[in-house]
Amino acid sequence: DHIHHRMHNNLPDETQLANGQKFELLSLALLGVPSMAEKFLEVSAALKQLNFDPADYVCLKFILLLNSGEVKNVNNISHIEECNEQVHRFLMEYCCNCYPNVPNKYNQLLAQIPELRSMAQRGEDFLYFKHMQGNAPHATLLMEMLHAKKR
């Protein structure tokens, strides 16, 4: 999400809160794991080179979320797999038809998925660790989701 908003909504590098405190938005996007900054910038540069656009963003987001192998307690895995295949087909057709000047865009976009997943997992692990130490809020939807995923 952060990469998309930086590229398409002119998200600034830093912001200032009402109390005058400044912070880098990249730090927020990295969920407090600054060691991911280099990888984040590499993925951002690769996506920029591929002319990453809102349609690509939506498709990659669906592909990342519709991973039947990672979802627990799902009643209709075949439906998730069918939807995932439809999104893959749409993305491939879209890349071929709308970006013929970007060779192999579809496969290059898919090649970014492992890095995106890795960054997301590292961020989740860090947040969960902070939560278990008592350094993160307890009664939030995000923490409920992290607990549910860990079970």
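Colleague: Why does Glu42 count as partly exposed?

Modeller: This is a predicted model. In the model, Glu42 has 39% relative accessibility. Buried means under 20%, and exposed means over 50%. The value 39% falls in between, so Glu42 counts as partly exposed.

Colleague: What makes Lys39 and Glu42 a salt bridge?

Modeller: Their closest N and O atoms are 3.0 Å apart. The cut-off is within 4 Å, so the pair qualifies.

Colleague: Where do Lys39 and Glu42 lie?

Modeller: Both are in helix H3, residues 37–49. They sit 3 residues apart, about one turn of the helix.

Colleague: Why is Lys39 called partly exposed?

Modeller: Its relative accessibility is 28%. That lies between 20% and 50%, so Lys39 is partly exposed.

Colleague: How do you know that Glu115 forms a salt bridge with Lys39?

Modeller: The closest N and O atoms are 3.9 Å apart. That is within 4 Å, so the pair counts. This pair links distant parts of the chain: Glu115 is in helix H7, Lys39 in helix H3, 76 residues apart. Glu115 has 28% relative accessibility, so Glu115 is partly exposed too.

Colleague: What makes Asp56 and Lys105 a salt bridge?

Modeller: The N to O distance is 2.7 Å. The limit is 4 Å, so the pair passes. Asp56 is in helix H4 and Lys105 in helix H6, 49 residues apart.

Colleague: Are Asp56 and Lys105 buried or exposed?

Modeller: Both are buried.

Colleague: Which residues do shared partners join into one network?

Modeller: Lys39, Glu42 and Glu115. The whole structure has 3 salt bridges.

Terms used: Residues are numbered from 1 along each chain as its sequence is written. This is a predicted model: local features need pLDDT of at least 70, side-chain atom pairs count only at pLDDT 80 or more; totals for chains, interfaces and linings use all residues. Side-chain values use heavy atoms; hydrogens and water are left out. A salt bridge is a side-chain nitrogen of Lys or Arg within 4 Å of a carboxyl oxygen of Asp or Glu. Helices (H or I, at least four residues) and strands (E, at least two) are DSSP runs, numbered from the N terminus. Buried means under 20% relative accessible area, exposed over 50%, partly exposed in between (1.4 Å probe, protein chains only).
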